[in-house]
Amino acid sequence: MKVLVINAGSSSLKYQLYDMTNEKVLANGRVERIGMDSSIVTHEKVGKTEVRSVSEILEHTMAVRRVLDMLVNPKTGVIESISEIDAVGHRVVHGGEAFKQSVLVTPEVKLEIRKLFDLAPLHNPAHMMGITAVEANLPDVPQVLVFDTAFHQTMPREAYLYAIPMVLYRRHKVRRYGFHGTSHAYVSEQAAAFLKQPLETLKMVSCHIGNGASCTAIKDGQSIDTSMGMTPLEGLMMGTRSGDLDPAVVPFVMNKEDLSVSEVNSMLNKHSGLQAISGLSSDMREITEAMSEGDKNAKLAFDMYAYRVRKYIGAYAAAMNGIDTLVFTAGVGENSSVLRKAVCDGLTFLGIELDEARNNERRKDTRIISADSSRVKVLVVPTNEELLIARDTYSIVKQQQKRQASTSQSES
């Protein structure tokens with residue numbers, strides 16, 4: 001089975017085509033600046049040189065058509081016909097309370113996604129455009145939705161409810177949902193497999209540390225708490241997001257600076273975090289380089305960032321009454337040995353000891369970076385959200401095919 005994985009944004013579309021017989025990526029790419037006459041298509045047939053073209057792509061249906069053209073093109077393609085695409089899997093940011101697992105696209109599911117537009121106004125409408133675009137180009141191909149929030153639907157009420165009037169939860173579903181769930185699910189499974197231990201026996205904290213960042217407490221194989229909230233703004237300090245702050249800061253700053261709701265929202269999401277404190281960059285690589293050269297603001301930004309990651313790990317160890325596995329993943333988590341050391345050096349009370357040589361190794365595989373004497377296993381696990389989406393899509397479509405075959409047999 002070949003599965004096309006799509007991540008549709010409001011003006012972009014990323015894709016990967018998988019052959020699920022061996023879970024190999026055949027091709028990948030992205031379409032940028034959708035809606036403009038200078039849209040950019042970047043496509044790579046795995047093992048070949050990346051190709052790039054600029055043309056007019058006015059909407060998502062045209063973008064998907066361009067992707068399919070690239071996949072069957074004699075020079076850039078990896079399949080002879082689009083009929084070889086057996087299923088399409090979509091990343092969807094927000095599933096609300098309606099979706100606790102990945103689902104096959106149906107009219108009822110699409111209706112529910114539309115109901116969630118208010119919870120993710122920047123993302124879910126774009127995902128819907130992606131779904132509709134695939135329907136227009138591949139009308140008979142089943143589609144599966146994989147939700148960033150689904151993994152966190154196992155959180156207990158005491159973890160996901162806010163201490164505000166319950167009427168706001170009943171009317172508007174104001175609560176913690178959490179994000180990066182696909183990544184946390186994938187790396188927790190990989191870590192357990194690497195350690196040759198059942199995931200259900202581990203008390204794990206997974207740290208997805210990238211430009212966006214979140215920590216998740218995983219106990220008995222389930223998410224019991226996570227740092228992002230109703231939106232991805234809550235929790236850790238991030239590249240351009242503030243993370244946790246006193247809610248009273250918002251009306252105070254609005255009054256003092258005469259800011260509108262949209263302006264303060266932009267400030268907290270796009271002009272805060274590492275960017276704001278360092279005054280330099282939202283990129284941890286640039287922050288650490290400037291810090292090594294004596295930049296005090298970069299040092300402050302780094303210290304604040306590491307401190308908050310460390311604080312959440314400690315909190316989640318308390319929430320689980322212990323911790324035996326700590327996982328770092330995503331761009332910063334996988335690549336910044338300096339950050340991992342800064343975080344772990346302050347967690348020795350939990351029994352965490354890093355092995356400096358292991359931590360400093362430049363590798364791309366799953367590995368242990370803790371010392372042999374460490375009571376807690378510390379791992380670096382490269383994330384692969386697209387592969388998990390492909391796996392869920394494959395599994396759900398296979399189940400549907402079996403049900404259809406069983407129904408046909410019983411009717412005959």
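Student: Hi! Which residue follows α11 with a positive phi?
Tutor: That's Asn321, and its phi is near 60°. Keep in mind that this is a predicted model.

Student: OK, and what sits at the start of α11?
Tutor: Look for Asp295 there: one of its side-chain oxygens comes within 3.0 Å of the backbone nitrogen of Asn297.

Student: How far apart are the end C-alpha atoms of α11?
Tutor: They are 34 Å apart. The helix has 24 residues, 296–319, and at 1.5 Å a residue it should span 34 Å, so the two values agree.

Student: Which residues of α11 are buried?
Tutor: Among them are Ala298, Ala301, Phe302, Tyr305, Ala306 and Val309. Further along the list come Tyr312, Ile313, Tyr316 and Ala317.

Student: Why do residues three or four places apart point the same way in an α-helix?
Tutor: Because an α-helix has 3.6 residues a turn.

Student: And what does α11 meet in α13?
Tutor: Val338, Leu339, Ala342 and Val343 of α13. From α11, the residues involved include Phe302, Tyr305 and Arg310.

Student: At what angle do those two pack?
Tutor: About 55°, with the axes of α11 and α13 8 Å apart. The two helices are therefore oblique to each other, and their crossing is right-handed.

Student: Switching topic: how do α7 and α8 pack?
Tutor: Helix α7 (residues 249–257) and helix α8 (residues 261–270) pack at about 120°, with axes 10 Å apart. That angle makes α7 oblique to α8.

Student: Is that crossing left-handed or right-handed?
Tutor: Right-handed. Where α7 and α8 meet, you'll find Val250, Val253 and Met254 from α7, with Val261, Val264, Met267 and Leu268 from α8.

Notes
Residues are numbered from 1 along each chain as its sequence is written. This is a predicted model: local features need pLDDT of at least 70, side-chain atom pairs count only at pLDDT 80 or more; totals for chains, interfaces and linings use all residues. Side-chain values use heavy atoms; hydrogens and water are left out. Helices (H or I, at least four residues) and strands (E, at least two) are DSSP runs, numbered from the N terminus. The expected span of a helix is 1.5 Å times one less than its number of residues. Buried means under 20% relative accessible area, exposed over 50%, partly exposed in between (1.4 Å probe, protein chains only). A polar contact is a pair of N or O atoms within 3.5 Å; within protein, one must be able to donate a hydrogen and the other to accept it, and residues adjacent in sequence count only if both atoms are side-chain atoms. Axes are lines fitted to C-alpha atoms, for helices over the stretch in contact, and angles run from 0 to 180 degrees between N-to-C directions. Angles under 35 degrees count as roughly parallel, over 145 as roughly antiparallel, 65 to 115 as roughly perpendicular and the rest as oblique. A crossing is left-handed if the near helix is turned anticlockwise from the far one by less than a right angle, and right-handed if clockwise. Contact means heavy atoms within 4.5 Å.
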